[in-house]
Amino acid sequence: MIGIGILGYGTVGSGVYEVLKVNKDIIKRKTGEEIKVKKVLDLRSFPGDNIESILTHNFEDILNDDSINIIAEVMGGIEPAFTYSKLAIEKGKSVVTSNKALVAEKGPELLKLAEKYNVNYLFEASCGGTIPIIRPLNTSLTSDDVQKIEGILNGTTNFILTKMTEEGRDFEDVLKEAQKLGYAEADPTADVEGHDSCRKIAILSSVAFGATVNYKDIHTEGITKITSTDIQYAKKLNCVIKLIAESEKTPLGIAARVVPCLIKSSHPLATVNNAYNAIFVKGNMSGETMYYGSGAGKLPTAAAVVGDIIDIVKMKGLYVPIDWNVNENMPVLSPEKSEIKAFIRIGFENKENAEKAVFDLFGNVDFTSLEGLNNEFAFITGQETEKSVIDKVNKLKNASAVKEIFNVIHVEE
Ligand code: HSE
């Protein structure tokens, strides 16, 4: 019998318990072992819940229980999750997690420790919810030199943008629904400001490119500045707005960013809606592969956590290295060095003069406007460095014919 300790009985933790219970027989058939949750750690009490008799408020009860072989750390956050994971590994227990904040911040340290103690530290559920992506990168695409990863990596923001686009609903109203559905983080700032996607693309880049990509180096913008007017413009341009996380190998370093983007409605990522996520991986041999599924939510995320537990049981005590050289860091290019196209929305005092100011800076662009909005227009720039776009936008702000720059949004080809 394999004993499991669950750290945290929130959305994902209760899901892990449920997956192990509902799929008990099929999991036993696949692993040849009975897998039993021995203890659950949480500060709260759950009177009447299935786990009442195995609930503890004291981590030592789990750490010192020799019948517990694998720990599912699904608490989120850095501390005490880091200390608990570290102590568990040092005690010879494998750890599986959905905690992207911890993997992005302390992954290299925990992976090093796991190797030293000959146990496993697995984190499939940390990126893209239920989508298999760490495992394909680590075991299926290993003959490839991965060049690029691009995708929608946050369920909450994708859910919000979908509902704003399809139902014309307000940001705040949809965010509340995403929280109720268990998609959002305890503090949804991490979702809506792009930090969650940033940590996920850093983890994926580290596994795909084989060395640590520091999430703190990745330029990150969220969706809080996207308005319903931006979405209407996107529709008019036959586009949708998505929060895109991307990371690409260049001769100078990694070009990585998390930004809202206008993408053509025909782009494969444009049809990824609600809390679904999708990830493109481009290899130098395999070309493009795409991975799609539920990016957030209780059971989809828990299923990925349990998948890692099953893998560890099947490995029978073997340490399986992850292709992430934790002793090496990869430099991330400053956004100024990468090239972009941008959608720019302008409020004007004088239309003709404002158009002239745009032509003078950006060349021969096409203008577009929305019916009923008489004092503004928008245009899409040509391809140029981000620094050049920022400098020109600053110059536009000072043009007397221009009243306001409402928004500048990346455009993905
Ligand atoms: N808050 C995260 C999201 C949960 O919305 O994608 C899954 O990592």
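Predicted model: local features only at pLDDT ≥ 70, side-chain atom pairs only at ≥ 80, totals over all residues.
Figure 1. Ala, Val, Leu, Ile, Met, Phe, Trp, Tyr, Cys and Pro count as nonpolar, Asp, Glu, Lys and Arg count as charged, and the others, with Gly among them, count as polar. Sorted in this way, the residues of the shell around the ligand divide into 3 nonpolar, 4 polar and 5 charged. The residues that surround the ligand are Lys-100, Asn-154, Gly-155, Thr-156, Tyr-183, Ala-184, Glu-185, Asp-191, Asp-196, Lys-200, Gly-295 and Ala-296. Two helices, α7 (155–167) and α10 (195–209), each supply at least two residues of this shell.

**Figure 2. Polar atoms of the protein and of the ligand.** An oxygen atom of the ligand lies 3.4 Å from a polar side-chain atom of Asn-154. A polar backbone atom of Tyr-183 is 2.7 Å from a nitrogen atom of the ligand, and an N or O atom in the side chain of Glu-185 is 2.6 Å from a nitrogen atom of the ligand. The ligand, taken alone, exposes 260 Å², of which the protein buries 94%.

**Figure 3. Phe-280 and its place in a strand.** Phe-280 belongs to strand β12, which covers residues 276–283. Phe-280 counts as buried because its relative accessibility is 11%, and buried means under 20%. Although Phe-280 and Ile-152 are 128 residues apart in sequence, their C-alpha atoms are 9.2 Å apart in space.

Terms used
Residues numbered from 1 in each chain as written. Heavy atoms only, no water. Near = heavy atom within 4 Å. Polar contact = N/O pair within 3.5 Å; in protein donor to acceptor, adjacent residues only side chain to side chain. Areas by Shrake-Rupley, 256 points an atom, 1.4 Å probe, with all protein chains shown as cover. Helix = DSSP H or I, 4+ residues; strand = E, 2+ residues; numbered from the N terminus. Buried < 20%, exposed > 50% of the residue type's maximum accessible area, 1.4 Å probe, protein only.
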